[in-house]
Amino acid sequence: MLSTVPAIISSNPMMESDPFPSLQSAWDCSQLFSTTQSVGPARSGSASTELNQTQTQTHSNSGLDESNQTLFIIDERKRRRMISNRESARRSRMRKQKHLENLRNQANRLRIENRQLTYRLRFLLYHCHRVRTDNDRLRSESTLLRQKLSDMHQNLLFKQLQQFSSAWPCNNVTVMSEKIPPPLII
């Protein structure tokens, strides 16, 4: 992730002992993690300005040690914060991915459960329809059988009444309506 920028190797032995150049103006973050040592701070300006500052830095090396130490501490904090932020972002991505996977699994489970409930509902509706159809058929059959039973009961009463009335001596006269047979019930 960290890139290194080729640095100019100093021919000055004093500069080689100072691995942390002072950064007083705009600077490039990649120099902080460079494995090679650079002459001075990364600046935007002319080469002569940089050369003058390099010479000034060699004369005031003791003052730079203190500022370099402070910059090192600040840079170390920034580096730690950057690493911590990256790790936090990685954990956040992992949590998000896990949450997304859990949501997908839950959606699949709910789809399967929905499909099973739909099948059960269709099955119950089919059987409910069959039971209603059978119930309607049985009701109509029951009505028909009750009508037949009622007709049979009336015929039986009529025959019993006929037998009872023929037992009386005064009823020996036959009436024409008695000779007509009763209608057949189908």
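Student: Okay, so a salt bridge is a side-chain nitrogen of Lys or Arg within 4 Å of a carboxyl oxygen of Asp or Glu. Which residues are linked in a network of salt bridges?
Tutor: That would be E76, R79 and R80. Keep in mind that this is a predicted model.

Student: How far apart are the closest N and O atoms of R79 and E76?
Tutor: They sit 2.3 Å apart in the salt bridge between R79 and E76.

Student: How many salt bridges does the count come to?
Tutor: Five. One of them joins R104 to E101, with the closest N and O atoms 3.8 Å apart. Another joins E141 to R137, where that distance is 3.5 Å.

Student: What's the spacing along the helix for R104 and E101?
Tutor: Three residues in helix α3, which means about one helical turn between R104 and E101. R104 is partly exposed at 46% relative accessibility, and E101 is also partly exposed, at 37%.

Student: And how many residues apart are E141 and R137?
Tutor: Four, again in helix α3 and again about one helical turn. E141 is partly exposed with a relative accessible area of 37%, while R137 is partly exposed at 43%.

Student: Zooming out, how many helices and strands are there?
Tutor: Four helices and zero strands. Along the sequence the pattern reads α-α-α-α.

Student: Where is the confidence highest, and where is it lowest?
Tutor: Helix α3, residues 61-166, has the highest confidence, with a mean pLDDT of 92. Helix α1, residues 13-16, has the lowest, with a mean of 46.

Student: What about the protein overall?
Tutor: The mean pLDDT is 74, and 55% of the residues reach 70 or more.

Student: Over which residues does pLDDT stay under 50?
Tutor: Residues 1-16 are one such stretch, and the model gives them 29 contacts beyond four places in sequence. Residues 34-47 are another, with 39 contacts of that kind.

Student: Switching topic: what does UniProt place at residues 86-120?
Tutor: The unreviewed UniProt entry has a "coiled-coil region" there. In the model, that span is 100% helix and 0% strand, and its end C-alpha atoms lie 51 Å apart.

Student: How much of the protein is made up of buried residues?
Tutor: Buried residues are 11% of the 186 residues. The accessible surface comes to about 16100 Å², and carbon and sulfur atoms account for 59% of that area.

Student: Last one: of the contacts with a separation of 6 or more, what share comes from residues 24 or more positions apart?
Tutor: 59% of them.

Terms used
Residues numbered from 1 in each chain as written. Predicted model: local features only at pLDDT ≥ 70, side-chain atom pairs only at ≥ 80, totals over all residues. Heavy atoms only, no water. pLDDT = per-residue confidence, 0-100. Helix = DSSP H or I, 4+ residues; strand = E, 2+ residues; numbered from the N terminus. Contact = heavy atoms within 4.5 Å. UniProt positions renumbered as here; feature names shortened; annotations may be inferred. Buried < 20%, exposed > 50% of the residue type's maximum accessible area, 1.4 Å probe, protein only. Areas by Shrake-Rupley, 256 points an atom, 1.4 Å probe, with all protein chains shown as cover.
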